[in-house]
Amino acid sequence: MSATTSAAVTSYSLKMKNVKLRRVIIAGVVNFWRNGWVSLAAALVMVLALFMIGSLLFSNVLLTSALSRIEEQVDISVYFSADAAEEEILNVRNALSQLPQVESAVYVSKEEALEKFRARHSANALITQSIDELGNNPLQASLNVRAKSPDQYEVIARFLEAGAYSSLIDKINFFQNQVVIERLSSVLAAARAAGLGVTLVLSLIAMLVVFNTIRLAIYTSRDEISVMRLVGASRRYVRGPFVIEGVLYGVFSAIITMVIFYPVTLWLGPATERFFGGPNIFQYYLSNFIQIFLLLLAVGIAIGVLSSSVAIRRYLKI
Amino acid sequence: MIYFDKVSKIYSPTSAAVEDVTFTIEPKEFVSMVGHSGAGKTTLLKLLLAEERPTSGKVFFESIDVHRASRDELPQIRRRIGSIFQDFRLLPQKTAYENIAFAMEAAENTDEEIANDVPQALELVGLVGKAHHFPHELSGGEKQRVAIARAFVNRPDVILADEPTGNLDPINTREIIGLLKKINNLGTTVVLATHNYDIVNSLERRVITLEKGRIVRDDKRGRYVI
């Protein structure tokens with residue numbers, strides 16, 4: 001008997017929980033709708049925040065692809081003296097490949113170098129003619145060495161300079177490019193750090209603005225909140241609809257932001273492709289549509305719910 | 001049922017809103033609290049609702065010290081006390097029906113109970129035709145009647161009315177007091193704070209007179225005498 005009663009009580013309280021949840025959601029949606037202008041203002045401020053976060057995402061994609069392109073183009077060439085035998089050069093290559101810092105080391109023979117040179121200047125009759133005139137191959141055999149990261153070229157260069165192979169080597173163009181390479185790698189590092197810092201600071205500012213807007217929206221409802229409390233509503237029951245409104249701000253702003261990004265990326269796409277040589281951001285927007293939307297949705301809902309819950313706390317104390 | 005035990009509420013050292021107040025209210029009583037503005041009537045009601053905390057003393061609702069009630073207990077107590085205010089305090093974004101239904105939702109009533117009781121409450125206060133009007137579409141008297149329906153719909157043990165007729169004309173005043181009497185006749189305790197002579201004198205019920213935060217008179221069938 002008591003078992004059935006307690007089962008009935010449990011099922012009743014479970015049912016009541018569902019009923020409460022439904023009421024809270026309905027109240028939140030209705031409030032969002034009836035507070036039209038306030039909701040719109042809060043959602044639009046959040047659109048600004050999400051737009052900024054989205055823009056940072058896009059610019060990060062462009063920056064990263066531009067940086068990796070630049071990094072790929074950095075390498076050093078080791079030129080060997082004319083009397084170095086091919087076997088010895090291949091030995092150097094093998095030794096280099098063993099180094100943990102080296103990504104790749106490619107051998108370019110004298111003949112290949114000449115072929116490339118001819119191909120590059122095939123349009124220039126004067127150069128081709130002078131090469132033919134010269135009779136023998138004036139170019140040197142070389143190794144193109146690529147490091148895993150730009151700041152490791154110096155180690156590689158020192159290895160070659162100091163090692164047993166130094167007698168074979170005519171010159172290493174690292175020391176000619178050293179200043180440029182070092183500056184580039186420090187610029188890359190700084191750009192990354194600055195990008196991250198700016199992202200964090202701007203996102204923080206945007207979130208504070210959103211938080212204040214939602215706080216203001218809740219401030220206008222403070223009398224209602226106290227009435228609800230005095231009528232006997234529990235804290236959670238009063239807070240619920242405001243949290244739902246926070247969720248709705250997030251959902252609507254994420255949708256609006258995605259809609260705004262369509263023409264913006266369409267317009268900027270070709271320009272960014274030309275300037276950064278990176279992916280077309282409109283293509284990126286289309287192919288990552290769902291991921292970007294989910295990210296903005298998650299950020300928007302998180303900011304909305306957090307702001308609402310924090311902002312309402314002081315008015316619930318009654 | 002309601003017991004104030006040596007309650008003081010001091011906002012600043014020079015002015016005490018309520019000082020050393022002790023009284024008891026029995027079930028089914030209709031008590032008027034009278035006194036000038038600032039005599040402490042509203043403060044006493046706020047103390048009972050735990051809207052304010054006393055500086056010293058205790059306030060009991062039945063056997064519960066309302067200022068020591070837990071987070072979960074306090075809403076339970078408030079559901080048993082219906083409140084009516086001079087400025088109505090309806091929820092502006094909700095219709096008359098929804099305002100009344102909100103009190104029932106907050107008290108965790110089922111949908112069936114709400115659908116059944118809210119129309120009854122509207123009928124009691126004579127506002128069936130205005131169920132779906134928003135507060136700003138109602139007159140002062142109508143708003144106060146919605147507020148009474150909201151206070152009464154959970155069948156509370158007590159109704160606290162703080163100057164309920166302060167913003168109303170004599171005809172509406174008479175109607176509101178009539179409703180309170182009707183609710184009292186149904187068995188609900190009513191505590192009415194007012195400074196309206198005519199109401200108090202026509203009621204011929206218990207009158208507690210406050211002056212500068214202290215009880216100066218407590219008459220079983222009192223009149224407004226200050």
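Residues are numbered from 1 along each chain as its sequence is written, while chains are lettered from A and ligands numbered from 1 in the order in which they are written. Because the model is predicted, local features need pLDDT of at least 70 and side-chain atom pairs count only at pLDDT 80 or more, whereas totals for chains, interfaces and linings use all residues.

We can start with the sheet of chain A. Strands are said to pair if DSSP finds at least two bridges between them. In chain A, 4 strands form an open sheet in the order E2-E3-E1-E4, with antiparallel pairing. Its edges are strand E2 (102-108) and strand E4 (169-172) of chain A, each of which pairs on one side only. From one strand to the next, the twist averages 20°; axes are lines fitted to C-alpha atoms, for helices over the stretch in contact, and angles run from 0 to 180 degrees between N-to-C directions.

Within this sheet, strand E1 (residues 76-80) and strand E3 (residues 142-147) of chain A are joined in the antiparallel sense over 4 bridges. A:Tyr79 lies opposite A:Ser142 in E3(A), and A:Ser77 lies opposite A:Asn144 in E3(A). E2(A) and E3(A) also pair in the antiparallel sense, over 6 bridges.

The loop between helix H5 (125-134) and E3 of chain A holds A:Leu139. This residue has 18 other C-beta atoms within 10 Å and is therefore partly exposed; a residue is buried with 20 or more other C-beta atoms within 10 Å of its own, exposed with 12 or fewer, and partly exposed in between, with C-beta atoms placed from the backbone. Apart from neighbours within four places in sequence, A:Leu139 is in contact with A:Lys110, A:Ala113, A:Leu114 and A:Phe117, where contact requires C-beta atoms, placed from the backbone, to lie within 7 Å. From A:Leu139 to A:Tyr284 there are 145 residues in sequence and 44 Å in space, C-alpha to C-alpha.

Two helix pairs come next. Packed helices are described by the angle between their axes and the distance between the axes. In chain A, the axes of helix H9 (residues 235-276) and helix H11 (residues 289-312) come within 7 Å and cross at roughly 150°. H9(A) is therefore roughly antiparallel to H11(A), the term for angles over 145 degrees, while those under 35 count as roughly parallel, 65 to 115 as roughly perpendicular and the rest as oblique. Their contact comprises 14 nonpolar, 9 polar and 2 charged residues. In this classification Ala, Val, Leu, Ile, Met, Phe, Trp, Tyr, Cys and Pro count as nonpolar, Asp, Glu, Lys and Arg as charged, and the others, Gly among them, as polar.

In chain B, helix H5 (residues 140-152) and helix H6 (residues 170-185) pack at an angle of about 10°, with their axes 10 Å apart, so H5(B) is roughly parallel to H6(B). Residues of H5(B) in this packing include B:Ile148 and B:Phe152, and those of H6(B) include B:Ile176 and B:Leu179. The contact of H5(B) with H6(B) has 5 nonpolar, 4 polar and 2 charged residues.

Helix H3 (residues 96-106) of chain B is largely enclosed by the rest of the structure, because 10 of its 11 residues are buried. Among them are B:Tyr97, B:Phe102 and B:Met104. After H3(B) comes B:Glu108, with a positive phi near 60°. The loop between strand E6 (81-84) and H3 of chain B contains B:Phe88, which has a positive phi of about 65° although it is not a glycine. B:Phe88 counts as buried, with 22 C-beta neighbours inside 10 Å. B:Arg89 belongs to the loop between E6 and H3 of chain B and has a positive phi near 55°; B:Arg89 is buried, with 21 other C-beta atoms within 10 Å.

Finally, the contact between the chains takes 17 residues from chain A and 19 residues from chain B. On the side of chain A that touches chain B, helix H1 (2-34), helix H8 (222-230) and H9 each supply at least two residues. H1(A) provides the largest share, 5 residues. By class, this side of chain A divides into 9 nonpolar, 4 polar and 4 charged residues.

How values were computed: Contact = placed C-beta atoms within 7 Å.
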